[in-house]
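This briefing covers a protein and its ligand site. The sequence and structure come next, followed by notes grouped by topic.

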Amino acid sequence: MGKDNRVVLKVKSIGENVSLVRMVAGGFLYPYDLTFEVLDEIKIALSEAVSNCMIHGYGEAEDQEVIVTLEVQDRQLTMQVEDTGVGIADIAQAMEPAFSTREEHMGLGFVFMQTFMDQIEVISAPGRGTTVVMHKLLPATEQQIDEVG
Ligand SMILES: Nc1ncnc2c1ncn2[C@@H]1O[C@H](COP(=O)(O)OP(=O)(O)OP(=O)(O)O)[C@@H](O)[C@H]1O
Ligand SMILES: [Mg+2]
């Protein structure tokens, strides 16, 4: 069934910690009986947000921190990903599909976050870091629907 829960992770800004955060999210979400597909989509949205902090927020500096908060309340999932890096001057432009400030990047991170989550909010200002808050109502499995009737 899955009780309401909340965890806060503060990780060093090294690439290895993107996969660590994914693994923690997998464990955190395990009790909620999600399909493999939904679980994977949530993990993709989360890792896109975390890697953005490391690549763009901190310019790949490895001595910084990213704070990730995962919370479920009444099957409403909230994931907050926060850095104290360079920030974003034009948030609307940054969220446009295929917009990237880096030549070698596709500019699809925000597209994945918006596609796989119900709603996302971006709070950012130059020099003040970036916070991304993502929401998704965790779908009930067929088994849970059967139990309710
Ligand atoms: N945490 C952040 N700090 C500063 N800038 C950011 C942050 N997250 C995103 N951005 C800006 O928003 C742009 C778009 O982000 P998005 O994740 O959609 O694409 P990308 O990271 O450039 O490419 P991809 O995710 O496909 O590798 C980035 O190129 C960057 O300029
Ligand atoms: Mg990205």
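A backbone N or O atom of Gly-109 lies 3.2 Å from an oxygen atom of ligand 1, a polar contact being a pair of N or O atoms within 3.5 Å. The model is predicted: local features need pLDDT of at least 70, side-chain atom pairs count only at pLDDT 80 or more, and totals for chains, interfaces and linings use all residues. Residues are numbered from 1 along each chain as its sequence is written, ligands are numbered from 1 in the order in which they are written, and side-chain values use heavy atoms, without hydrogens and water.

**Contacts of ligand 1**
- Leu-108 also brings a backbone N or O atom to 2.8 Å from an oxygen atom of ligand 1.
- His-56 places a polar side-chain atom 2.6 Å from an oxygen atom of ligand 1.
- The protein buries 92% of the 600 Å² that ligand 1 exposes when taken alone (Shrake-Rupley method, 1.4 Å probe).

**Shell around ligand 1**
- Ligand 1 is surrounded by 19 residues, with Asn-52, His-56, Ser-100, Thr-101 and His-105 the closest (a residue is near if one of its heavy atoms lies within 4 Å).
- Seven of the shell residues are nonpolar, ten polar and two charged, with Gly counted as polar.
- At least two shell residues come from each of α2 (36-57) and α4 (109-116), and α2 gives the most, with five.

**Overall fold**
- The protein has five helices and five strands (DSSP runs of H or I, at least four residues, and of E, at least two).
- Its C-alpha trace spans about 50 × 30 × 25 Å along the principal axes.

Technical notes. Polar contact = N/O pair within 3.5 Å; in protein donor to acceptor, adjacent residues only side chain to side chain.
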